[in-house]
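Visitor: Hi, I've got a few minutes and a new model to look at. Could you walk me through it?

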Amino acid sequence: MSGFVKVDYHVIRGLAYYTGVVFEAFDRKGEFRAIAGGGRYDNLIKLLSNGKVNLPALGFGMGDVVLLELLKARGLLPTFDANVDVFVLVDDEGLRAQSLKLVQDLRMGGFAVEYSLTPAKPDKQFKRAQELKAAFTAKLENDSYVRIRNSKTRTEVVSGASDVKNHLGK
């Protein structure tokens, strides 16, 4: 255990609700600030519940930024390659409901599908599709037809809304 734990009676956590042991967790090389820290607080829940619940506890907080930097420094950060089959462009907000139906149908068909959650200009949506390396974009032209674009070959086809899956090569 001594290889992992160092007792330091000078550690002070800055929150007044700690009532006992406090701790901080660092990387073994000591290159970064504390990754996590916490301690014992016997009165916090009682205080927050206006005296209704008296439950001693122990808790901690963890720093995502420090953890990210640690993983980068150690070469342990995984690559986040999105495998997006189709990015559905919502060019006309009047067709958002039908576009979401298309998203659902494609996902039910086994495709990885993304789309803009909020209204956005077409060029921003297309840029996002490129960032995600989507193999295809699909845009409802109206209630019945979808324009499908192959991102690699840049070829386009117009398909019936119920026939889109057949043009996606899966």
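Guide: Happy to! A word on labels: helices (H or I, at least four residues) and strands (E, at least two) are DSSP runs, numbered from the N terminus. Keep in mind as well that this is a predicted model.

Visitor: Good to know. Where is F4 found, then?

Guide: F4 sits in the segment before β1.

Visitor: Does F4 count as buried or exposed, and why?

Guide: F4 counts as exposed, because its relative accessibility is 65% and the cut-off for exposed is over 50%.

Visitor: Which residues make the nonpolar surface patch?

Guide: F4, V5, V7 and Y9 make that patch, and its area is about 540 Å².

Visitor: Let's go inside. How many residues does the largest nonpolar core have?

Guide: That core has 16 residues, and V86, V88, L102, L106 and L168 have the most contacts inside it. At least two residues of this core come from each of β4 (86-89), α3 (96-108), β5 (113-115), β6 (136-140) and β7 (145-150).

Visitor: Pick L106. What is it in contact with, leaving aside its neighbours within four places in sequence?

Guide: With those neighbours left aside, L106 is in contact with V86, V88, F111, V113, V164, K165 and L168. Another core lies apart from the one we've been discussing; this other core has six residues, including V84, L89, A129 and A134.

Visitor: New topic: D27. Where is its place?

Guide: D27 is in the loop between β1 (22-25) and β2 (36-41).

Visitor: What does the side chain of D27 reach?

Guide: At 3.2 Å, it reaches the backbone nitrogen of F32. The D27 side chain also makes a polar contact of 2.9 Å with the side chain of R74. If you leave aside neighbours within four places in sequence, the residues in contact with D27 are F32, I35, L70 and R74.

Visitor: I'd like to hear about charges now. How many salt bridges does the structure hold?

Guide: There are 11 salt bridges. One of them pairs the side chains of E31 and R74, at 3.6 Å from N to O. That pair links distant parts of the chain, with E31 in the loop between β1 and β2 and R74 in the loop between α2 (64-73) and β4, 43 residues apart.

Visitor: And how accessible are E31 and R74?

Guide: E31 is partly exposed, with a relative accessible area of 46%. R74 also counts as partly exposed, at 27% relative accessibility.

Visitor: Back to salt bridges. What about E156 and R147?

Guide: Their side chains meet in a salt bridge of 3.0 Å, N to O. E156 counts as partly exposed at 41% relative accessibility, and R147 counts as partly exposed at 30%. E156 forms a salt bridge with R149 too, where the closest N and O atoms are 3.8 Å apart. Through salt bridges that share partners, E141, R147, R149 and E156 are joined into one network.

Visitor: Backbone torsions next. What is phi of K133?

Guide: Phi of K133 is near 55°, a positive value in a residue other than glycine. K133 is in the loop between α4 (122-131) and β6, and it is exposed, with a relative accessible area of 64%. R154 has a positive value as well, with phi near 65°, and it is likewise a residue other than glycine. You'll find R154 in the loop between β7 and β8 (156-160), where R154 is exposed at a relative accessible area of 60%.

Visitor: Last one: G38. Which strand does it lie in?

Guide: G38 lies in β2. At 0% relative accessibility, G38 counts as buried.

Visitor: What does G38 touch, not counting residues up to four places away in sequence?

Guide: With those residues not counted, G38 touches R13, Y18, V21, V22, F23, G59 and F60.

Visitor: And how are the C-alpha atoms of G38 and L76 separated?

Guide: They are separated by 25 Å, and the two residues are 38 residues apart along the chain.

Notes:
Residues numbered from 1 in each chain as written. Predicted model: local features only at pLDDT ≥ 70, side-chain atom pairs only at ≥ 80, totals over all residues. Heavy atoms only, no water. Polar contact = N/O pair within 3.5 Å; in protein donor to acceptor, adjacent residues only side chain to side chain. Contact = heavy atoms within 4.5 Å. Patch = residues over 30% accessible without salt bridge, like charges linked within 9 Å, V, L, I, M, F, W, Y side chains within 5 Å. Areas by Shrake-Rupley, 256 points an atom, 1.4 Å probe, with all protein chains shown as cover. Salt bridge = Lys/Arg side-chain N within 4 Å of Asp/Glu carboxyl O. Buried < 20%, exposed > 50% of the residue type's maximum accessible area, 1.4 Å probe, protein only. Core = buried A, V, L, I, M, F, W, Y, C linked by side-chain atoms within 4.5 Å.
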